[in-house]
Amino acid sequence: MATAHSRTAARLMLSPAVLLLLLWMIVPLGMTLYFSFLRYNLLMPGMETFVGFDNYYYFVNQPAFWSALSNTLVLVLGVLCITVIGGILLALLLDQPFWGQGIVRVLVIAPFFVMPTVSALVWKNMFMNPVNGMFAHAAKALGLQPFDFLSHAPLASIILIVAWQWLPFATLILLTALQSLDREQQEAAEMDGAGWFQRFIYLTVPHLTRSITVVILIQTIFLLSVFAEILVTTNGGPGTASTNLTYLVYAQSLLNYDVGGGSAGGIIAVILANIVAIFLMRMIGKNLEA
Amino acid sequence: MGKITLTQVRKSFGEVDVIPGIDLTIDEGEFVVFVGPSGCGKSTLLRLIAGLEDTSGGVISIDGMDATDLPPAKRRLAMVFQSYALYPHMSVRKNIAFPLKMAGMDAAEQEKRVNHAARILNLGNYLDRRPGQLSGGQRQRVAIGRAIVREPAAFLFDEPLSNLDAALRVSMRQEISELHQTLKTTMIYVTHDQVEAMTMADKIVVLNAGRIEQVGSPMELYRNPANLFVAGFIGSPKMNLIEGPEAARHNATTIGIRPEHIDIGGDGPWQGVVGLSEHLGSDTFLKVNAGPLGTLTVRASGEVDIHHGDSIRMTPQVGKLLRFGADGKALK
């Protein structure tokens, strides 16, 4: 197979797909980069002028930027913590033999199939609503004052909603890893005098590191760009309390009609994502090597 | 230290009685081999002794103390698993030290014991490697090292050599035997390979369908198998079992004669045509089609010039013929 001839043929046949993927990525990126250097306001079409780095300057120097940046990081870290720890605990639970295991596993995975807008609306109207929500009812039943989650703890509420969506993903990946844990190793450790907790620390956790790495890397990519959940629940508010970078880019381009500023924000988000990716690969990427 | 007694030990998985009831005494310092075909319950029996399975009935006592309900860690037994069961993310040193660490031993003593075990097993150069970087035989040694450092009352081996190639199996077999002579600790060894059983054991326990067929030294089992099962299982190549009129002539339902106890040539009473001849140099194995007697395996010593299609006469050696009754038991 691997003759020089067949390799050339393989490259030739692959090239249209690779080219298409490259264009798919490079065209939007190039356009965003181009717009980010223009004074481009939707209210004044056809009057674009080149402004150099002004858009970047104004995007970074608006008061909302730094809070959006920190909100983005808090959101990512918060959801990662909840899903990884919760995922390990749930996976440990689901790995136990019990009646109705198959059905329960399907139910656990179900949230992953609900689209973000829908699940966020369900959480907003049916759980967190201070008048009609389940939590409000529960609080009233206990004689407590209902808590208005989305106005008093907006970022925490969004973290909760997003974590709920991603918990099944983490659980699923960690469960499959748990199932491949060698039984004889566990028994050997048992004979060596390791208790349940010691077996968990010395055998299970090291065995899970690779899967945890996968969960963290994949989720980080998606969590940096959380948007729908914010749009349908808090609209980034109150103030900028739940505005992340993605939402700030949206607000800049489509609420303030400033496409140039929004594009600059988009490029900053791309750079930020790359910095995070480099950090992650440095820190935990070695876990992926065999 | 290391006397293990089983009294009416039973094990069932749901409806299935894997072990219907076993009585067995393993003396201090003995090398006992559980041997039998796959599915005979030998591994289950070992796991019952180890405490990895709960008994369905009966009493297991170790050094006179009832251990039936003790957790595995409290039985002072060490086990070597078929898959070695090394901890893949720990170095060899940490693997061997793991049971000591779990026992809360201080670091200096751990270090001393690990180095001692490494010296016995020639693992000195590998202590800082991971199990993944070792060959099968080295991994096996690490697994044994992890068992040695605990200084257990007895070692349990669950088919430890079945993942090794033939040459390595022979040398590891000898190493384990030598280890037993050095440590003089009780060892229980499970295998389906009767050669391993014959070469290593002080005492062989032949198991079949969860029952003990016979217990004895290798030579006892070879000379006087208690029944047809043991006769067919112990010895390689297998014993020839002959039924019909020839057996009736010896007042038995079945007679057994080992391939090495048949002499070729002269005017022997048995006659047959050679179907297959395997020339190994030191031995020659012949498959002889002997008409009413069926197919006989015959061993001739050294290089013998007999080939396919040759007609030969055979004589069973006097006193080596074994007789079995209708119930399969040996007749005296």
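Let me start with chain B. Among its contacts with a separation of 6 or more, 63% are between residues 24 or more positions apart. Two residues are in contact if their C-beta atoms, placed from the backbone, lie within 7 Å.

A note on the source. This is a predicted model: local features need pLDDT of at least 70, side-chain atom pairs count only at pLDDT 80 or more, and totals for chains, interfaces and linings use all residues. Residues are numbered from 1 along each chain as its sequence is written, with chains lettered from A and ligands numbered from 1 in the order in which they are written.

Back to chain B. The C-alpha trace spans about 75 × 45 × 30 Å along its principal axes. Of 332 residues, 39% count as buried, meaning 20 or more other C-beta atoms within 10 Å of the residue's own, again placed from the backbone. Chain B has nine helices and 18 strands. These are DSSP runs, numbered from the N terminus: helices are H or I, at least four residues, and strands are E, at least two.

Now one sheet. Four strands of chain B form an open, antiparallel sheet, in the order β2-β1-β4-β5. Pairing takes at least two DSSP bridges between two strands. At the edges sit β2 (16-26) and β5 (65-66) of chain B, each pairing on one side only. Strand β4 (residues 57-62) of chain B runs antiparallel to β5(B), joined by two bridges. There, S61(B) stands opposite D66(B).

Last, the contact between chains. Chain A brings 14 residues, chain B 15 residues. On the chain A side, α9(A) gives the most, with six residues.

Notes. A residue is buried if 20 or more other C-beta atoms lie within 10 Å of its own, exposed if 12 or fewer, and partly exposed in between; C-beta atoms are placed from the backbone.
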